[in-house]
Amino acid sequence: TLTGNHRVLVQRDGVWDWVPADALKQGDVVGEPIVSGYGERKSLCITDRDHNGPSRSVVLSWSMDLGRFLGYFLADGHLGPGDGNHYDIFVDFGPGEDRYVEDFKELALQLFKRVVTVTSHGNAQRCYFAHSGMHGWLKAKCYTDEGDGRRAKKFPLNLDEMTDRKSTRLN
């Protein structure tokens, strides 16, 4: 199930584009980009630091785990202000999504060596952890400026360069 504001990769009149889920029409072809083997990008390099220790470069291999983390973030995540002290990465999960909360906690520990804090947020569970390097990468790669001060999320890789897709037609 998708909420109306989630974007879905759709082919209409032979053109692939991201459209809000509430704008899907009968006959749309819904696709899923396949990113394995995309170009030569095999890793992501970000900075990290342990509490008050010195910054160091960390290399994260592109993997199913990193893909899952990005999926959670793109679907229901947002960033804290990144004001020099607060580099929080937030993802909200709805009622009945406890297994995804646990998966997100495991991913943050495995990928970033961070323990996730979980709090109540309305009827949702808000998960967050601080990581300045990943915060900066997500801010630079997963958002686009809408021109009026608003920012919209985007997939961090160029979909036009991805030729293989899995797709299905909506009936």
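Tutor: Helices (H or I, at least four residues) and strands (E, at least two) are DSSP runs, numbered from the N terminus. Residues are numbered from 1 along each chain as its sequence is written. The model is predicted, so local features need pLDDT of at least 70 and side-chain atom pairs 80 or more, while totals for chains, interfaces and linings use all residues; side-chain values use heavy atoms, without hydrogens and water.

Student: What makes Asp 65 and Arg 68 a salt bridge?

Tutor: A salt bridge needs a side-chain nitrogen of Lys or Arg within 4 Å of a carboxyl oxygen of Asp or Glu. The closest N and O atoms of Asp 65 and Arg 68 are 3.0 Å apart, which means that the pair qualifies. These two residues lie three apart in helix 1, about one helical turn. Together with Asp 103, Asp 65 and Arg 68 form a network of salt bridges.

Student: Why are helix 1 and helix 2 called oblique?

Tutor: Helix 1 (residues 64-76) packs against helix 2 (residues 98-112) at about 125°, with axes 10 Å apart. Angles under 35 degrees are roughly parallel, over 145 roughly antiparallel, 65 to 115 roughly perpendicular and the rest oblique. The helices are therefore oblique to each other.

Student: Why does Asp 28 count as buried, and what is Arg 12 called?

Tutor: Buried means under 20% relative accessible area, exposed over 50%, partly exposed in between (1.4 Å probe, protein chains only). Asp 28 has 5%, so it is buried; Arg 12 has 27%, so it is partly exposed. Asp 28 and Arg 12 also form a salt bridge, with their closest N and O atoms 2.8 Å apart.

Notes:
Axes fitted to C-alpha atoms, helices over the stretch in contact; angles between N-to-C directions.
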